[in-house]
Amino acid sequence: MGQHVLLIEDEPNIAEAIRFVLARDGWNVSVQADGAGAVAAVARLRPDLVILDLMLPGMSGLEIVALLRADPLTQNLPVMMLTAKGLGRDREAAARAGVTLFMTKPFANADVVAQARALVGL
Amino acid sequence: MMPGTVLTGSRIREQRLAQGVRQADLAIRAGVSASYLNLIEHNRRRVGGEVLVRLAQALGLDVQVLAGSADDGLIDDLRSAVASGSDGGAAEIDRVEEFAGRFPGWAGLLAAQHRRGAQLERSVEALNDRMTHDPHLSATLHDLLSALSAVRATAGILAETEDIDPDWRQRFHANLHKDAERLAVGAETLVAYLDGSDQPQDGIAAPQEELEAWLAVWGWHLGEIGAGDAAALEGGILGLPSAAARVLARAWVAQAAADAAVLPLSAFLAAMADLGPDPALLAQRFGVGMLPVFRRLATLPGSRFGLVICDGSGTMTFRKAIDGFALPRFGAACPLWPIYTALSRPMSAVASVVEAPGRPAQRFAARAYCQITQPTGFGGIELREAAMLIWPDAGSAGPVVEIGSTCRICPRAQCAARREPSILSDAG
């Protein structure tokens, strides 16, 4: 255990809940509230998994994923995207950008934990 | 040959002339007024039931001879249904008239279903458009879903974590409370928004069609509006289902009033008697542009003129149909219509005779003109508006342009202007 997840989410209550359930599952959780510093945070923290929202202040989840995929160091990093928008178009764009897995809001805590584990091969 | 579009009124006239009977005499024999019979013969009044039976008796004919096999509007609707169907090839389009004649009830039902289907499709499109492009709705929904996600995640923790630390529990309770408030406000906003907005769900018709149906009820003639009528007119406008149609109606009413002011009815009728229905001469006589004359001609009381107006993109913005000249309900029309010739030659008078497909083919005179305006001044945008007057012109000789309604339901197989295949079997 002791896997490191970086959560990029601007909704403090969602961030708090996810942090709580993942921490209880044994994860080491870092939280970043805006999109602008997200890529730098990934480079600094070198997490095993990134969970991010689609709509973030500063920089959209889509752009962040595109930047991560463009960097050889993070091109294979598992990325779980939380999205409140069920719109096919945004999802398609995100899938093309390289999102590994989508989690549609409102999600069940158990699903987030199970999928996070699956993404890092636990 | 494709099934014809002979109208009942034309058949009556044909049979009467063939027998050498004067209109007035037939009217007396059938017990209708001569003027009413004249309207019937020119297909300006629908005829059926008892009157048709009396006319048939007076001509010594079986009523079926006059009634024909089926209503032409129904045939058009059936063709259009086939055109819009994903599997239109399966329908026996060459036997559409036989179908409508033998099973008028089923045919009517199919046509009605097709119209309803088209309306619903448009409603879905409108709603979809609204969901996709309405930033307020989208933002509110996003906010609601975010709050809901937080509530679900937090409530899940509280419900599933037995040994939760009291401090954490306290915090999650507070979060839950805050998010519940947010949900309440968001839901209220959403309900108010949906309630307060004009609902296009009714889906009766596109705004243009609502306007046209409403104008048809008024006999298309709004020109001479007294103070008393203005209230009735406004009442009618308020009764239109969609806000978009109400906006269009107000604009049309204002324009009709402006047209009437520069082209007063009695003077205009006198000038018509003097000059004939020549839009250019009439425009010159009154010192006005061509388009007001076009609109005035088409909206005189009992006018026999059909009118189509389009903008610079070729999109029809106004349609007053006349019998035998089919105007497509949706989408683009026949590229050979003189209105499009005019659109590409602004400020130039286009006069031609066109022939609509059918058996027999019907000829129409057409006058088209495109006006250019610079609503934002010199160097600004240039707007084009083209209009086309049409009226039956059976007797004309000389060159004729073979036109259609729209490619999908046009039988002219060899047409050089065809942009997509027709559903009609003999169109190849």
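Two strands are said to pair if DSSP finds at least two bridges between them.

Strand β3(B), residues 350-356, and β6(B) pair in the parallel sense, over two bridges. Within this part of the chain, B:V354 stands opposite B:V401, a residue of β6(B). The sheet as a whole is open and has six strands, ordered β2-β1-β5-β4-β3-β6, with mixed pairing. Its edges are β2(B), residues 316-320, and β6(B), residues 401-402, each of which pairs on one side only.

I move now to the interface. Here 14 residues of chain B are in contact with 16 residues of chain A. On the chain B side, α9 (135-160) and α10 (166-196) each supply at least two residues. The largest share, eleven residues, comes from α9(B).

Finally, a word on confidence in chain A. Its mean pLDDT is 89, and 95% of its residues reach 70 or more. Among the elements of chain A, strand β1(A), residues 4-8, has the highest mean pLDDT, at 96, whereas helix α4(A), residues 88-97, has the lowest, at 79. Where pLDDT is low, predicted coordinates should not be read in detail. Thank you.

Definitions and conventions:
Residues are numbered from 1 along each chain as its sequence is written. Chains are lettered from A and ligands numbered from 1 in the order in which they are written. This is a predicted model: local features need pLDDT of at least 70, side-chain atom pairs count only at pLDDT 80 or more; totals for chains, interfaces and linings use all residues. Two residues are in contact if their C-beta atoms, placed from the backbone, lie within 7 Å. Helices (H or I, at least four residues) and strands (E, at least two) are DSSP runs, numbered from the N terminus. pLDDT is the predictor's confidence in each residue, from 0 to 100.
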